[in-house]
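Here are some exercises with worked solutions. Have a look at the chain first, then try each task before reading on.

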Amino acid sequence: MARDYYGILGVSKGASDDEIKRAYRKLARQFHPDVNPDPEAQEKFKDINAAYEVLSDDRKRQIVDLGGDPLAPGGGGPGGPGGPGGAGPFVGFQDIMDAFFGGATGAGRGPRPRTRPGADAILRLELDLQETAFGVEAPITVDTAVLCTTCSGAGTAAGTHLATCEACGGRGEVQSVQRTFLGQVVSARPCTVCQGYGTTIPQPCPTCAGDGRVRTRRSLTVKIPAGVEDGMRIRLAQQGEVGPGGGTAGDLYVEIHERPHDVFSRKGDDLHCRVTVPMTAAALGTRLTIKTLDSEEPVDVKPGTQPGSTLRLRARGVPHLRGTGRGDLYVHLDVRTPTKLDADQERMLREFAKTRGEEVAELTKQGGFFSRMRDAFNGHA
């Protein structure tokens, strides 16, 4: 059973440090061996010193207040054989870990604050290529937690205030002394009555039910700079979730998603498109008018242009997000070969081929080029 250190010094459990010190000095003068040689007085003097050692140390005194004995070699607090519960000399491994890594007296966490920072939020925003290229002020709608205007984040009803938790005395945690195979330890756990806050709300705010915030839909306008790319995020400071208890709002991140364009494809700040030109135009050369994102540009196709050729229009791409200037526009040319020819067109093409010394095999019903190739491999003249 734990010794009654308060009784040894003759003070009450709620005695102040000065009261304990005065009681100790008075008893020490009375039972000091130099003053009182009685053997019983010597033992009494040892108990007085032990009591003062315990009650003058906040950590040890707290163990005594919890029913333990900080000078006992094996415990004596709640959960031990000398305390209520009769749990035996050993407790669970988790209790030991709590005692050594977060629950021991002197390392208490204390009450956790009701006001905490809010979380960040993210919103997906779809934009056209024109909007990402040159920027836009886009309206957005967000569903987030905002400050409760009824209680201004306090969480209490009008005219009421927070109350100190009676279960933990405002500490936010409940401690207990237990015996283990390692000795006597003190473990601490969050108070289940106040959830670790150290205070309770006798009359919660009727609007937010004590949370200090409510959810609502808000309309904002976000300024999208020119040159943003797909997947980039725009940060709007403190436009996210308001924290519990009216805490500082987190940030809102607007994630850009660029819709596919009918004509242009984008690679960084450069644009690419494909233009089909007739075979004759590629052979003779021609001038095309290319409609860019913000203008119309003449493009010269040189005579003899081959399929797959690329023309480059400088500074007709997307403006650079950081810095000045723009990317380029690349025009990829597809040369179109006619699939059907009338008799006159076929005759003219054959005559043209003859003038260039190009042999064109004529396809007939009896067999064409591949038929003659097959006959050559089979040894037919």
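**Exercise 1.** Which residues in α3 meet which residues in α4?

*Solution.* This is a predicted model, in which local features need pLDDT of at least 70, side-chain atom pairs count only at pLDDT 80 or more, and totals for chains, interfaces and linings use all residues. Residues are numbered from 1 along each chain as its sequence is written, and side-chain values use heavy atoms, with hydrogens and water left out.

Step 1: helices are DSSP runs (H or I, at least four residues), numbered from the N terminus. Step 2: look for contact, meaning heavy atoms within 4.5 Å. E53, V54 and L55 of α3 meet K60, R61 and V64 of α4.

**Exercise 2.** At what angle do α2 and α3 pack?

*Solution.* For α2 (residues 17-31) and α3 (residues 39-55), the angle is about 165 degrees, and the axes lie 10 Å apart. Step 2: angles over 145 degrees count as roughly antiparallel, and α2 and α3 are therefore roughly antiparallel to each other.

Step 2: find the partners. Among them are I20, Y24 and F31 in α2, and F45, I48 and Y52 in α3.

**Exercise 3.** How far apart should the ends of α8 be?

*Solution.* Step 1: the expected span is 1.5 Å times one less than the number of residues. Step 2: α8 (residues 343-355) has 13 residues, so the span should be 18 Å; the end C-alpha atoms are 19 Å apart, which agrees.

Notes:
Helix = DSSP H or I, 4+ residues; strand = E, 2+ residues; numbered from the N terminus. Axes fitted to C-alpha atoms, helices over the stretch in contact; angles between N-to-C directions. Parallel < 35°, antiparallel > 145°, perpendicular 65-115°, else oblique.
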